[in-house]
Amino acid sequence: MNNEFSSAALTGAGLAVGLALLAVEHWRWWKTGGNPATAGGGGRDPRALVPFWSGIAFGTLMVACPAGLLGTASGAMRWGGNALGDLLMSTLTGQRSSVVATAAAPQLNADGALIVTAIVIVLWLLRKQIAKVAKRGFKSGVWTGTLLAIGTGTFALIGNLVVPNVNSLGAMLLGKVVHGTFL
């Protein structure tokens, strides 16, 4: 396997791709107000961004997976973002990108993995009922999350909020439902 493919590193060019995805999704929302039929804007219902930001949270959880299909997929998405960004950067500017961050999201533990597994099962079973626009926003958010929610700084805040809370939710679920401490 290619070592760069399994790398948890984010390049400046991959960061540019993640920022572009973030900007495009918010620009669409700003222009349409969450409703593509009203291209004139207006309304700007923040609920229209829920699929995108849910995708960012899920992408962050994928980065926090130490291995498995989700961890491997997040590495592939990051590799793809780095490669695409570097191709564009080198073509447009003549400069190559360098590593700006490595995966530093808190690791998902066994309790959090229970929640992530349940989310994946629910998403799989409901995939036909989810609207196409919501799927596009979610998928864009997942790719954005795998690119932006690693490292240190502002974007690491998402990882430091999402992962520990999912771990705590899993522990609470096990304690309350499985072990009978519901009350």
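Here is a walk through this structure, from its overall layout to its helix packing and a few individual residues.

The model is a predicted one, in which local features need pLDDT of at least 70, side-chain atom pairs count only at pLDDT 80 or more, and totals for chains, interfaces and linings use all residues. Residues are numbered from 1 along each chain as its sequence is written, and side-chain values use heavy atoms, with hydrogens and water left out.

Let's begin with the whole chain. The protein chain holds six helices and two strands, where helices (H or I, at least four residues) and strands (E, at least two) are DSSP runs numbered from the N terminus. Read from the N terminus, the order of elements is β-α-α-α-β-α-α-α. Of the 183 residues in the chain, 33% count as buried; buried means under 20% relative accessible area, exposed over 50%, and partly exposed in between, using a 1.4 Å probe and protein chains only. A contact means heavy atoms within 4.5 Å. Among contacts between residues at least 6 apart in sequence, 79% join residues at least 24 apart.

Now to the helices. Two packed helices are described by the angle between their axes and the distance between the axes. Here the axes are lines fitted to C-alpha atoms, for helices over the stretch in contact, and angles run from 0 to 180 degrees between N-to-C directions. Take helix α1 (residues 12-32) and helix α2 (residues 50-64): their axes come within 10 Å and cross at roughly 160°. That makes α1 roughly antiparallel to α2, since angles under 35 degrees count as roughly parallel, over 145 as roughly antiparallel, 65 to 115 as roughly perpendicular and the rest as oblique. In this pair, L21, L22, E25 and H26 of α1 meet F52, W53 and I56 of α2. By class, this contact has five nonpolar, one polar and one charged residues; Ala, Val, Leu, Ile, Met, Phe, Trp, Tyr, Cys and Pro count as nonpolar, Asp, Glu, Lys and Arg as charged, and the others, Gly among them, as polar.

Helix α2 also packs on helix α5 (residues 132-148), at an angle of about 40° and with the axes 6 Å apart. The two helices are therefore oblique to each other. Among the α2 residues that meet α5 are G55, G59, M62 and V63, and the α5 side includes G137, G141, G145 and T146. The residues of this contact divide into nine nonpolar, 10 polar and no charged.

S74 is found in helix α3 (residues 68-93) and counts as buried because its relative accessibility is 2%. Its side chain reaches the backbone oxygen of M62 at 3.4 Å.

Further along α3 we find N82, also buried, with a relative accessible area of 7%. Leaving aside neighbours within four places in sequence, N82 is in contact with A9, L10, T11, A13 and G14. The side chain of N82 reaches the backbone oxygen of A9 at 3.0 Å.

Finally, look at V133 in helix α5. V133 counts as partly exposed because its relative accessibility is 46%. The C-alpha atoms of V133 and P51 are 8.8 Å apart, although 82 residues separate them along the chain.

How values were computed. A polar contact is a pair of N or O atoms within 3.5 Å; within protein, one must be able to donate a hydrogen and the other to accept it, and residues adjacent in sequence count only if both atoms are side-chain atoms.
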